[in-house]
Every structure is written in structure tokens, then in C-alpha cells.
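Subject: Structure handover

Hi,

Here is the structure for your set. Please load it first, then read the notes below.

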Amino acid sequence: MAATPRFRKNAVDANAAEGSAARGGAAGEPGATHPVDETLPPLKMFTSGLQHVAAMYAGVVAPPMIVGPAVGLSAKETAFLMGASLFTAGIATLLQTLGFWRIGARLPFVNGVSFAGVTPMIAIGKDRGHEGIAVIFGAIIVAGLLGFLLAPYFCKLVRFFPPVVTGTVITLIGVSLLPVAFNWSQGGNATADDYGSTTNITMAAVTLVVVLALRKLLRGFLQQIAILLGLVIGTLIAIPAGITDFGALGDADVVGFPTPFHFGAPQFEIAAIISMCIVMLVCMTESTADMLALGKIVGRPADERTIEGGLRADALGSAVSPLFNGFMCSAFAQNIGLVAMTKVRSRFVVAAGGVILVLLGLVPVAASVIALVPLPVLGGAGIVLFGSVAASGIQTLATAALEKGENALIVAAAVGVGLIPIAAPDFYHAFPEDLLVVLDSGISTGCVVAIVLNLAFNHWGRTPEAEAADSEQPKDPMAVPVAH
């Protein structure tokens, strides 16, 4: 009897991915539990989830920390916004990882406050106090509902993301995040006297060395939480160096709940709604790229249904966030690097991180303990995390047949355009502010360029015979059938 072809464990086609989500089985191993659906012992679940929280904490609290003072909120009200952002990030993460109905990617996918909305939100609410926050929240609610309705259509763009596009975008995600790690390594606040000091940079370098040494020397579970251990060791070393701030710990309340509509009922202004709807489209583009990247890393490639569920979770989380005084939610790419590095692929680990985020939002004093980690320490670990994302992109590009046609040119142009906001931050300074929402995101611009050039060089004007011949060739070596 002829050998029945099967696919390797890490290669999941659209049907297998959908079936896997329902059954929990890995492709080619009926009845087996896919690593994405595995549950770990409680201690491992907690510590691995805490590691995800530590990696994303600064990114979650930074937008409210910037927007609050810009719209005229007091320090206490800004702190309230930060706690609310942690709470709503936890809810959005639970929607993504656990999901219900056709909502949620059901991947180890972390959601938090999107940086893409910071500039438009400041423009909307600048010096308007509570009224400005109410207008921002109204615009986010409408944008979230729009995203929810568009998700079934937006997810169909997945066919425009072959390896030459996904590899480019994943690489850009990692490279675009590295400046964040460098900024943290210098201290995080460019106006501070010690920004870029030898103490801060040395502390980042020490943390980087500690993380690398732990990854080399430890084995098993301890190796998997090397980032968390590195953050703890780095923080302890930072205490005698004088860069650990205990002030927030003493000022924090023991218990606090993000009272619904704390700043007043949402207000709806057309200009603000249009701005935030544009931001939602940008977030959906980035989330699509992030889900494709994460799907490859965990061995469960994201199909249209997975992306639809993930985008719906993004949009629903964003629409619900303003109820609890939170901002727009989207994917956190830095946590993809953590998954790639630790090889812990369980979505329930990230769900545990979501529960921790909810608790941090309800217990401000616990959130302040996480905040004890100095930004230079976080920056040192971030270099490894974000570099891991870029490395995953390079691995994907290795499967993209760059020697074929103009694929190398596609990558060159897309990466070049995507790096503009990083290499020359003021490049688009003369453009209208509304366009800057897209142009200032190297991930979005690089993604659009890669998609358009892939269509131009590999699809438009080609004969049906050529298209059919290409479709018969596997685009990813991981998907090559092998006999039993």
C-alpha cells in the first residue's frame, strides 16, 4: 500500500490548524496535545506568566504615563490610568488566549496598550483634562466596534503574506523594537540628568550578560525563565547602584478598582473618531503580522479563522477598555520574542500572565513591585528579547527563495522603507499629522511595501500556468510531506 503522506509536527495547513484549535491535537499526531494547548504545573504556569508580564509591563504603562500629563491630568489621575491599562490589558490577553465563540486567536498572544495611538490621543485631548479623556474614550469605542465588524474581511489579507512578506515584517518587528530597548538601557527619560549615563548603560550590559549566562548555564525550567531571573538579579544589583526607585511602592494603595467611566461618560467627536479608526487599521495590520509570526514560532501557522478571531479579540478588547478607563489594545511583539527564546508555547501560560495583569490593576501595590525593575535592567533583557524576534524573521526569509525572481529586491525595498522611522525619525515631519499615524510605524509601512511589491513582481501580469506551477511547490520547507 502506498505510503500515506503526513506533515511534520510544525507544519499545519489551514484545515489542520482549525481542527487543532478544536481538538487540541498537533498535526500528524491525532489525539496528541499541541504544545500551544498544554497546561503546565501551577508554579511553572505562574513564573512563566510573570515573565511575560515583566517583559511587557513598561510598554503597558508608558502610553498612559505620556497621555495623562499631556491632557492635563494630575499625577494621581495618571497613576489611575496606568492601573486601568494593566487591568484592561489583562482582559484583552484573556480574550486572545482563552477566547470564546469566534473571538480570540487561541495562541500565546499578549495584548496591551498600543503605542500607535499615543500621538493622535495627545492631539485629541491636549490640555482638555477630563473632557479630553472622555473624547478619546468615545473615539476608541467606535474604532473598536469598527474593527470588530471588519475582522472577517481583513483576515482574508492573509493570502498576501507569503514567506517573503512575513519574513520581512517579522524582521522589521524585531528591529523596530530594538530602539525601545536602547532607550530603556539609557534610562527611558531623555530629559533626565542621568539619561545615557555610564551607570545606566553598564547596568543594561550587566543584565544582558547575566541573561546570556543563565541561558548557557541553566537547564530545563530554570533556563526557560532566564529572563525573569535576569531581571531579578539585575534589579538586586541595581539597588547599590542607586537606580532602583522605591517611592512608588510606598505611595501605592493596597486595593483599587478602575471605576467605570471614572473621567465621565464618553463623548463622540467626528475628527477624533476618524483619527482613532485609522489607528485601529494600523493596529489590525500589525496584529496580523504578529499572529503570522507567532504562528510560525509555535508550530501552528495562523490561518484566516485564527487571524479573524485574533482581530476580533483586539477590537473587542479595545471597545471594552474605555469602560474601565483603558486605551486601545493591540498585540505586544516583544512577548513573541519571549516565546521564541524560552520555547514555552502554551497559551495558558500567557493566560496566567493575563490574570496577573488583572490582579495588578486591582492591587496597585503589587503593580509597584513589578515597577521596581529599573528601565536599564529591562533594556538589557529587551535586547535579547527583541533580537530574538528579528532572528525569527531572518529564519523565515531563509525559506522565501530569495534567489528567485525579485524576492531579494522586495525584501530590500520593504526593509529600507520600514527602517526610515528608526534611522531618520523626522523624515516625515512635513507630512500631515493624520498620515504620521501610519508613516511613523515602520512595521506598517514596511508591510504595505512588501505586500504591494510581492503582488507586482510575483502575481500581476503572470500567466495562470505560472501561478499553478508555483502553487504546486511548497513555500515553506516545514510543510514538505514526508512518508511514514
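Start with Glu308. Its relative accessibility is 8%, under the 20% cut-off, so Glu308 counts as buried. Keep in mind that this is a predicted model.

**Salt bridges around Glu308**

Which side chain meets Glu308 in a salt bridge at 3.4 Å, N to O? That partner is Arg102. Arg102 sits in the loop between helix H3 (75–97) and strand S1 (111–113), while Glu308 belongs to helix H12 (residues 304–320), so the pair ties together parts 206 residues apart in sequence.

Arg312 counts as buried, because its relative accessibility is 9%.

**Other salt bridges**

Glu304 pairs with Lys156, and their closest N and O atoms are 3.7 Å apart. This pair links distant parts of the chain. Lys156 is in the loop between helix H5 (129–154) and helix H6 (163–186), and Glu304 is in H12, 148 residues apart. Are these residues buried or partly exposed? Lys156 counts as partly exposed at 41% relative accessibility. Glu304 is partly exposed too, with a relative accessible area of 30%.

The count for the model comes to seven salt bridges.

**Helix pair H7 and H9**

Two packed helices are described by the angle between their axes and the distance between the axes. What are these values for H7 and H9? Helix H7 (residues 198–217) packs against helix H9 (residues 226–241) at an angle of about 145°. Their axes are 9 Å apart. The crossing is right-handed.

The contact is made by these residues:

- From H7: Thr199, Met203, Val206, Thr207, Val210, Val211, Leu214 and Arg215.
- From H9: Ala226, Ile227, Leu229, Gly230, Ile233, Gly234, Ile237, Ala238 and Ala241.

By class, the contact has twelve nonpolar, four polar and one charged residues.

H9 itself has 16 residues. From first C-alpha to last, H9 reaches 22 Å, close to the 22 Å expected at 1.5 Å a residue. Its buried residues are Ala226, Ile227, Leu228, Gly230, Leu231, Gly234, Thr235 and Ala238. Gly242 follows H9 and has a positive phi, near 80°.

**Helix H6**

H6 has 24 residues. Its first and last C-alpha atoms span 35 Å, close to the 34 Å expected at 1.5 Å a residue. How many of its residues are buried? The count is 18 of 24, and the helix is mostly covered. After H6 comes Gly187, with a positive phi near 130°.

**Two single residues**

Ser85 lies in helix H3. Its relative accessibility is 0%, so Ser85 counts as buried. Leaving out residues up to four places away in sequence, Ser85 touches Val60, Pro64, Val113 and Phe327.

Gln267 is placed in the loop between helix H10 (247–251) and helix H11 (270–298). With a relative accessible area of 31%, Gln267 is partly exposed. The C-alpha atoms of Gln267 and Gly132 are separated by 8.8 Å, although the two are 135 residues apart along the chain. Again leaving out residues up to four places away in sequence, Gln267 touches Glu131, Ala134, Val135, Gly138 and Ala139.

**The whole chain**

The chain has 21 helices and two strands. Of its 484 residues, 53% count as buried. Among contacts with a separation of 6 or more, 81% are between residues 24 or more positions apart.

Best regards

Terms used
Residues are numbered from 1 along each chain as its sequence is written. This is a predicted model: local features need pLDDT of at least 70, side-chain atom pairs count only at pLDDT 80 or more; totals for chains, interfaces and linings use all residues. Side-chain values use heavy atoms; hydrogens and water are left out. Axes are lines fitted to C-alpha atoms, for helices over the stretch in contact, and angles run from 0 to 180 degrees between N-to-C directions. Helices (H or I, at least four residues) and strands (E, at least two) are DSSP runs, numbered from the N terminus. A crossing is left-handed if the near helix is turned anticlockwise from the far one by less than a right angle, and right-handed if clockwise. Contact means heavy atoms within 4.5 Å. Ala, Val, Leu, Ile, Met, Phe, Trp, Tyr, Cys and Pro count as nonpolar, Asp, Glu, Lys and Arg as charged, and the others, Gly among them, as polar. The expected span of a helix is 1.5 Å times one less than its number of residues. Buried means under 20% relative accessible area, exposed over 50%, partly exposed in between (1.4 Å probe, protein chains only). A salt bridge is a side-chain nitrogen of Lys or Arg within 4 Å of a carboxyl oxygen of Asp or Glu.
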